Amino acid sequence: MLHPLLGRTLVGHVLNAAAPLDAGRTVVVVGHGANQVRAHLAEVAPQATPVLQAEQLGTGHAVRIALEAVGEASGTVVVLNGDVPLLRPETLGGLVGAHERSGVAATVLAAEVPDPAGLGRIVRDADGRLQQIVEQRDTSPAQREIREINAGIYAFDAARLREALGKLSTDNDQGEEYLTDVFALLRSVGEPVAVHVAADHVETLGCNDRVELAALRRLLRDRVNEAWMRTGVSLLDPETTWIDVTVALDRDAVVDQNTQLKGSTVIGSGAQVGPDVTLVDTLVGSGATVVRSHAVGAEIGPTASVGPYAYLRPAARLAEKAKVGTFVEVKNSEIGVGSKVPHLTYVGDATIGEQSNIGAATVFVNYDGVRKHRTVIGDHARTGADNMFVAPVAVGDGAYTAAGSVIAEDVPAGAMGVARARQRNIEGWVLKRRAGTAAADAAERAGRGGAREVSPRPTASEGEATHAGTEPVGGAFGSGDTATD
């Protein structure tokens, strides 16, 4: 009962279908894995009362102990199996309505199926009411041709059900109390049993193994996808698009192939998601794009851009027009309006202001081995490629940091933060220490003029500013990105 199926468990789907009936009491009979089922019910349906069937003595026994837990119930009792996740609330409402209008003791939900093999047949009397339910092994040749089957879902008058349950016998091959024996008992005392046919037999399909579970998952996927497309959502490849029943999409959203939308995810109008995207409990604003990425518990603002190959972890929040690019991971951080983290970067426990740019291969060093600390980057800041921000640290508005820097102290607004050693070249090292290698051969050729010489870097005397009088910083920003990217 706890196997998941597009955002709900099997039993969760059944409880959701029954919820609009607004029952006075909802009882779930538990047996195998009772403690797990109880814990799940407390989370998803706290109004439901779990009742333990310590010994599995049949469906009639299960309903009897459920009624005992309810006490002096009156009115209509609906009995459902826990493995019919495609059942619609409208079908249950139709069953209860037909039952109460007819005034009969019980009403059986039936379905007309293309292939009834293995299923219990509905045999009607001359008045169209239930004469008997015949299991496959007991059918006559004529009865095997009947395509109307018992869906295992019933509506009963509570008092007459309680009386009939008290008369059930275990005198059968299984030594169990069969709920279906109730119908024969009711007819024996002149109580008619009505039949109500579901509009779509697919709703009544149950699940006995993982093959059938996968089949139900595909059927539910198709139902969900068709419903969204009819509301104005574009699914470019419905067969590879999986949308949980708990997800919401606005009109004109576009979902590309190989995309999974899970949990409480919301996709805004005009947003484009996919291909190859998984979003869990994530908000995507209108006009945003998410490509080949994974997000859990994130917020992606309007017209923001994510991916390809990005990972947004819980509490990652992107403001309007923000960008998280290729091989970027963001966790518990805010990225301000129009700010960009384009390449190869980890942003953890950080606040990035508006219109700032984070250079390629940057790491926000948030963990000291015991506690997490926060980094703050101001508005219109430009940080260099291959930076490390050792939190807690702040970079002010309009500040720059040089490529290759480890920033462990605050950088004031408008300043350039440089934290790297001066480069030192050891001439002839390869020829001395790596003689006989391809590198040494190339270096030797270059020394003889046999290869292209590398132009020397301009020195400070050629007009560049220096850091501490020793290190040129012209071009030191080195973001790995263009000003317009």
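Visitor: Which backbone oxygen does the side chain of Arg-420 reach?

Guide: Please bear in mind that this is a predicted model. A polar contact is a pair of N or O atoms within 3.5 Å. Here the side chain of Arg-420 reaches the backbone oxygen of Ala-403, at 2.5 Å.

Visitor: For what feature does UniProt list Ala-403 and Arg-420?

Guide: An unreviewed UniProt entry lists them under "binding site", together with Ala-360, Asn-366 and Tyr-367.

Visitor: Where is Arg-420 placed, in terms of β38 and α9?

Guide: Arg-420 lies in the loop that runs between β38 (416-417) and α9 (429-433).

Visitor: Is Ala-360 buried or exposed?

Guide: Buried means under 20% relative accessible area, and exposed means over 50%. Ala-360 has a relative accessibility of 13%, so it counts as buried. Its place is in the loop between β30 (357-358) and β31 (363-365). Arg-420, by contrast, has a relative accessible area of 26% and is therefore partly exposed.

Visitor: How do the axes of helix α6 and helix α7 cross?

Guide: Angles of 65 to 115 degrees count as roughly perpendicular. The axes of α6 (residues 158-165) and α7 (residues 181-188) come within 10 Å and cross at roughly 105°, so the two helices α6 and α7 are roughly perpendicular to each other.

Visitor: Which residues make that contact?

Guide: From α6 come Arg-160, Leu-161, Ala-164 and Leu-165, and from α7 come Val-182, Leu-185 and Leu-186. Six residues of the contact of α6 with α7 are nonpolar, one is charged and none is polar.

Methods:
Residues numbered from 1 in each chain as written. Predicted model: local features only at pLDDT ≥ 70, side-chain atom pairs only at ≥ 80, totals over all residues. Heavy atoms only, no water. Axes fitted to C-alpha atoms, helices over the stretch in contact; angles between N-to-C directions. Helix = DSSP H or I, 4+ residues; strand = E, 2+ residues; numbered from the N terminus. Parallel < 35°, antiparallel > 145°, perpendicular 65-115°, else oblique. Contact = heavy atoms within 4.5 Å. Nonpolar A, V, L, I, M, F, W, Y, C, P; charged D, E, K, R; others polar. UniProt positions renumbered as here; feature names shortened; annotations may be inferred. Buried < 20%, exposed > 50% of the residue type's maximum accessible area, 1.4 Å probe, protein only. Polar contact = N/O pair within 3.5 Å; in protein donor to acceptor, adjacent residues only side chain to side chain.
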